[in-house]
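Reader: I have a structure to study and some questions about it. Can we go through them one at a time?

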Amino acid sequence: MSQARALDHIDPLKAFRDLFIIADSTVYLDGNSLGRLPIETSKLMREVLEVQWGHRLVRSWGEGWMDLPRRLGTKLEKILGAETGSVVLADSTSVCFFKLLVAALRAREGRTAVVTDGTNFPSDLYVLQSVQSLIGHLEIKLVGGDDDAIEIAPEAVEAQLDRNTALLTLSHVEFKSGFLHDLKRLTAAAHACGALVLWDLSHSVGVVPINLAECGVDLAVGCTYKYLNGGPGAPAFIYVSPELQEKLTNPISGWLGHRAPFDFDHDYAPASGISKFITGTPPILSSAAIEKGLDLVLEAGLPAIREKSVHLTTTFLSLAQELLVPRGFEIASPRDAGQRGSHVALRHPEALRISQALIQEKAVIPDFRRPNNLRFGFAPLYNSFADAEVAIESLQQIVDDRLFEKYPTDLSGVT
Ligand SMILES: *Cc1c(COP(=O)(O)O)cnc(C)c1O
């Protein structure tokens with residue numbers, strides 16, 4: 001038995017793999033972009049479609065649909081270590097980010113700077129830029145403007161914070177390198193100079209233990225379709241600490257964030273608590289598809305998930321160091337597992353063509369991020385140690401036999 005097979009054999013989470021639809025022998029290492037489909041979700045969706053929509057029709061709004069964004073919010077609270085009543089589903093991550101960004105800036109009027117980092121997910125940077133053009137006097141301070149930085153020292157972030165900082169906003173796990181910020185330390189640093197903090201948890205929720213309440217986080221957003229396996233384009237979540245909920249206002253006030261939507265008043269009056277951050281009608285089909293994935297994460301437990309995640313990325317990186325670095329690859333993720341989320345990046349001058357060869361010839365699915373990054377996401381609920389080993393062996397063969405050479409050097413569209 002190979003070492004990977006031996007590790008799979010004693011893996012305490014191995015039974016979870018059978019709870020996902022896995023139709024063929026594809027080695028799927030892109031769960032950090034779109035998680036796999038849980039079998040129970042597939043069954044539930046049939047009921048939601050045929051019974052709740054098909055038969056019950058509009059009555060279903062009163063039979064569970066209206067409460068769904070908050071009911072699933074309570075499950076997310078457990079995953080996020082958040083207070084009761086602090087999480088709700090809404091919109092996409094980018095829109096949620098916009099809402100909380102504007103809400104935070106209003107709550108810190110007089111301060112004019114937002115601190116983030118140059119390796120943050122572009123959508124967050126774009127939203128910052130659009131808010132800057134809306135309100136005019138916002139300074140966006142980028143820590144480490146280098147797009148290819150692998151690690152961002154907490155000291156470098158702290159050095160940008162001062163009495164003019166309204167908000168510190170970072171991705172907990174960086175989308176390219178997988179670098180894991182010290183959420184507790186940086187939250188405290190922002191507070192020490194009177195700023196608020198907004199974390200984008202898209203690449204950490206469901207795979208890194210997070211303790212929003214204990215760390216005193218003010219605001220957070222995140223995706224449900226990555227490690228939570230909620231399905232393509234499933235709505236995002238919003239977290240607002242209980243203490244701030246009454247102080248902040250939702251800049252996109254809509255009827256479903258109103259105190260009494262069915263009064264159809266002319267004037268807006270916010271709902272109490274987290275519900276005021278809802279804007280319009282929740283997308284029920286894609287919201288319903290999130291629930292079973294949340295249940296799987298809660299059942300496995302974040303300590304066990306994190307332990308396996310660290311073990312998977314460490315196994316992959318040590319094999320990469322031994323077998324791929326001598327073949328021209330460079331490791332583009334933190335070496336210290338404590339500073340890493342659950343995906344790792346390798347760089348190679350031929351990364352784009354190698355990624356195409358991996359998918360086409362070896363049925364191993366990573367993703368490619370410009371200019372030369374190959375990302376490998378490890379989702380502990382369904383990835384195995386054998387997956388890591390197969391990916392390494394495939395990369396070795398592709399480079400040794402130059403299998404990438406027949407693929408185009410330019411590729412437009414989705415990578
Ligand atoms: C995936 C991801 C998003 C996605 O945003 P959407 O608006 O839901 O498409 C946002 N932020 C980060 C950090 C991400 O990794």
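**Arg353 and its surroundings**

Author: The side chain of Arg353 makes a polar contact with the side chain of Glu350, at 2.9 Å. Keep in mind that this is a predicted model.

Reader: Is Arg353 buried or exposed?

Author: Buried means under 20% relative accessible area. Arg353 has a relative accessible area of 13%. The value is under the cut-off, so Arg353 counts as buried.

Reader: Leaving aside neighbours within four places in sequence, which residues is Arg353 in contact with?

Author: Contact means heavy atoms within 4.5 Å. With the neighbours within four places left aside, the partners of Arg353 are Phe404, Glu405, Tyr407, Pro408 and Thr409.

Reader: Now to another residue. Where does His137 lie?

Author: Find α5 at 122-135 and β4 at 139-143. His137 lies between α5 and β4, in the loop.

Reader: Is His137 buried or exposed?

Author: The cut-off for exposed is over 50%. His137 has 53% relative accessibility. That value passes the cut-off, so His137 counts as exposed.

Reader: Which backbone oxygen does the side chain of His137 reach?

Author: The distance is 2.9 Å. A polar contact needs N or O atoms within 3.5 Å. The side chain of His137 reaches the backbone oxygen of Ile135.

Reader: What separates the C-alpha atoms of His137 and Glu77?

Author: Along the chain, His137 and Glu77 are 60 residues apart.

Reader: How many bridges link β10 and β13?

Author: Strand β10 covers residues 343-347. In one of the pairs, Leu346 has Leu374 in β13 as its bridge partner. β10 and β13 pair in the antiparallel sense, and the bridges number five.

Reader: And how many bridges link β12 and β13?

Author: A hairpin of three residues joins β12 to β13. Phe368 stands opposite Leu374 in β13, and Arg369 has Asn373 as its bridge partner. β12 and β13, residues 373-377, pair in the antiparallel sense, and the bridges number three.

Reader: How many residues of β13 are buried?

Author: In a regular strand the side chains alternate between the two faces of the sheet. On one side of β13, Asn373, Arg375 and Gly377 are buried; on the other, Leu374 and Phe376 are buried. Both faces are covered. The buried residues of β13 number five of five.

Reader: Last, the ligand. How does the shell around the ligand divide into nonpolar, polar and charged residues?

Author: Residues around the ligand include Ser92, Phe121, Asp124, Ser171, Tyr225 and Lys226. The shell divides into three nonpolar, six polar and three charged.

Reader: How much of the ligand's exposed area does the protein bury?

Author: Oxygen atoms of the ligand lie 2.6 Å from an N or O atom in the side chain of Ser94 and 2.8 Å from an N or O atom in the side chain of His203. A polar backbone atom of Thr93 is 3.1 Å from a ligand oxygen. Taken alone, the ligand exposes 390 Å². Of that area, the protein buries 87%.

Note on methods. Residues numbered from 1 in each chain as written. Predicted model: local features only at pLDDT ≥ 70, side-chain atom pairs only at ≥ 80, totals over all residues. Heavy atoms only, no water. Buried < 20%, exposed > 50% of the residue type's maximum accessible area, 1.4 Å probe, protein only. Polar contact = N/O pair within 3.5 Å; in protein donor to acceptor, adjacent residues only side chain to side chain. Near = heavy atom within 4 Å. Areas by Shrake-Rupley, 256 points an atom, 1.4 Å probe, with all protein chains shown as cover. Nonpolar A, V, L, I, M, F, W, Y, C, P; charged D, E, K, R; others polar. Pairing = 2+ DSSP bridges. Helix = DSSP H or I, 4+ residues; strand = E, 2+ residues; numbered from the N terminus.
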